[in-house]
Amino acid sequence: MPFNILVVEDDVDINRLLGTLLNKQGHQTESAFSGSEAKLLLSMRDYDLILLDLMLPGISGEELIKDIRSHSYVPVIIISAKGDMKDKIDLLKSGADDYITKPFDKEEVLARVEAQLRRYKNFSSVEQTAKQLIYQDLVLDIASRTAKVAGNPMTLTSKEFELLTILLQFPGKVFTREDLYQAVWQEKYAIEDNTINVHMSNLRSKLSKNAPDRSYIETVWGIGFKMV
C-alpha cells in the first residue's frame with residue numbers, strides 16, 4: 001500500500017536522497033525546502049507521515065511541529081544533526097514520534113519509516129471497529145482522533161493518543177513498558193530507553209491540567225502502567 005510522505009529538508013541532496021529511498025519502497029513523496037513551504041503544503045493536503053529537519057529557513061522545524069500538533073496527529077520523524085539527548089526529549093514532548101540523528105544510515109531511516117507506517121495502518125484498523133472509547137469522564141473519539149477529559153478538549157500527540165487508546169481498550173490490564181513500546185513503536189524495546197516514561201509523564205501532565213482533582217494513569221511499580 002503506497003503512503004504519501006512529506007520530506008521537509010532544506011539540503012537539496014539529502015531531500016532528493018530521502019525521496020529516492022522512499023519512492024523505491026513504493027511510497028509517494030513530496031518535497032519542501034523550508035518550514036514555510038511545508039506549512040503551505042500541509043494546509044492544502046494530508047500526508048501519512050512527515051520527515052522533518054529542524055534547522056530550516058523560514059519557520060523552524062521546532063515551530064512547525066508545534067503547529068502540526070495543534071491540528072493533526074500525523075506521524076512525524078525528526079531527522080537532524082542535533083544529537084543532544086535534551087533536544088531529543090524536548091522534541092518528543094513537543095510531538096515528534098521518532099528522532100534520527102544525522103549522518104543517518106539509509107536502512108535505519110527505512111526501518112523507522114516502515115515502523116511508523118505499520119502503526120498507522122494498525123490504528124487505522126482500530127478506527128474501523130470502534131468510534132469512541134469511554135472510561136469514566138475520559139472520552140477518545142477514534143475516528144477524529146480527539147480526546148476530552150471532564151468535558152475539556154485535550155491536545156495530544158499521536159503517540160500519546162495511541163498510548164491512551166491501548167490503556168482505555170483494556171482498563172484493568174497492567175501494561176509493561178515493553179508492551180506499550182512494542183505496540184505503539186513496533187520496535188524492540190531497550191531497557192534503558194526512557195521514551196515511554198517521557199510520554200507517560202507528558203500525558204499525565206495534560207490530564208492533570210484539565211482535571212486537577214483526578215488521577216487517571218497508575219504506575220504499577222516494577223511492572224508498568226494501567227488505568228486507575
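# A tour of salt bridges, rings and a pocket

Begin with helix α5, residues 106-129: R112 and E108 both sit in it, four residues apart, which is about one turn of the helix. This is a predicted model. Show the two side chains. R112 and E108 meet in a salt bridge, 2.9 Å from N to O. Now check the surface around E108. E108 counts as partly exposed, because its relative accessibility is 30%, between the limits of 20% and 50%.

**Next stop: helix α1**

Select D13 and R16. The two form a salt bridge, and their closest N and O atoms are 3.4 Å apart. How far apart are D13 and R16 in helix α1? They are three residues apart in this helix, residues 12-24, so about one helical turn separates them. Are D13 and R16 buried or exposed? D13 counts as exposed, at 56% relative accessibility. R16 is exposed too, with a relative accessible area of 52%.

**Across two helices**

Now pick D67 and K39. Their side chains meet in a salt bridge, at 3.9 Å from N to O. Which parts does this pair tie together? D67 lies in helix α3 (residues 61-69) and K39 lies in helix α2 (residues 35-44), so the pair ties together parts that are 28 residues apart in sequence. D67 is partly exposed, at 26% relative accessibility. K39 is also partly exposed, at 39%.

**A linked set**

Select E9, D53 and K102 together. A network of salt bridges links these three residues. How many salt bridges does the structure hold? The count is 13.

**On to the rings**

How many aromatic pairs does a search of the whole structure find? It finds two. Zoom in on F170 and F175. Their ring centres are 6.4 Å apart and their planes meet at 55°, so this pair is tilted. The tilted class applies because 55° falls between the 30 and 60 degree limits. Colour the two residues by accessibility. F170 is partly exposed, with a relative accessible area of 47%. F175 counts as buried, at 6% relative accessibility.

Move to Y181 and W185. These two form a stacked aromatic pair. Their centres are 5.0 Å apart, with 10° between the planes. Are Y181 and W185 buried or exposed? Y181 is buried, and W185 is buried as well.

K173 lies over the face of the F175 ring, at 5.2 Å from the ring centre.

**Last stop: a pocket**

Rolling a probe the size of a water molecule over the atoms shows where empty space is left. Find the second largest pocket, with a volume of about 490 Å³. Which residues lie nearest its centre? Select M85, K88, L92, D193 and T195. They belong to a lining of 22 residues. Now colour by element. Those giving two or more residues to this lining are α4 (85-94), β5 (98-101), α5 and α8 (195-210). Finally, colour the lining by residue type. Ten of its residues are nonpolar, three are polar and nine are charged.

Key
Residues numbered from 1 in each chain as written. Predicted model: local features only at pLDDT ≥ 70, side-chain atom pairs only at ≥ 80, totals over all residues. Heavy atoms only, no water. Phe/Tyr/Trp six-rings, centres within 6.5 Å; stacked < 30°, edge-to-face > 60°. Buried < 20%, exposed > 50% of the residue type's maximum accessible area, 1.4 Å probe, protein only. Lys NZ or Arg CZ within 6 Å of the ring centre and 35° of its normal. Salt bridge = Lys/Arg side-chain N within 4 Å of Asp/Glu carboxyl O. 1 Å grid on protein atoms, 1.4 Å probe; cavity = no way out; pocket = protein on both sides within 12 Å on 5 of 7 lines; lining within 4 Å. Points joined across faces, edges and corners; volume = space filled by probe spheres on them. Nonpolar A, V, L, I, M, F, W, Y, C, P; charged D, E, K, R; others polar.
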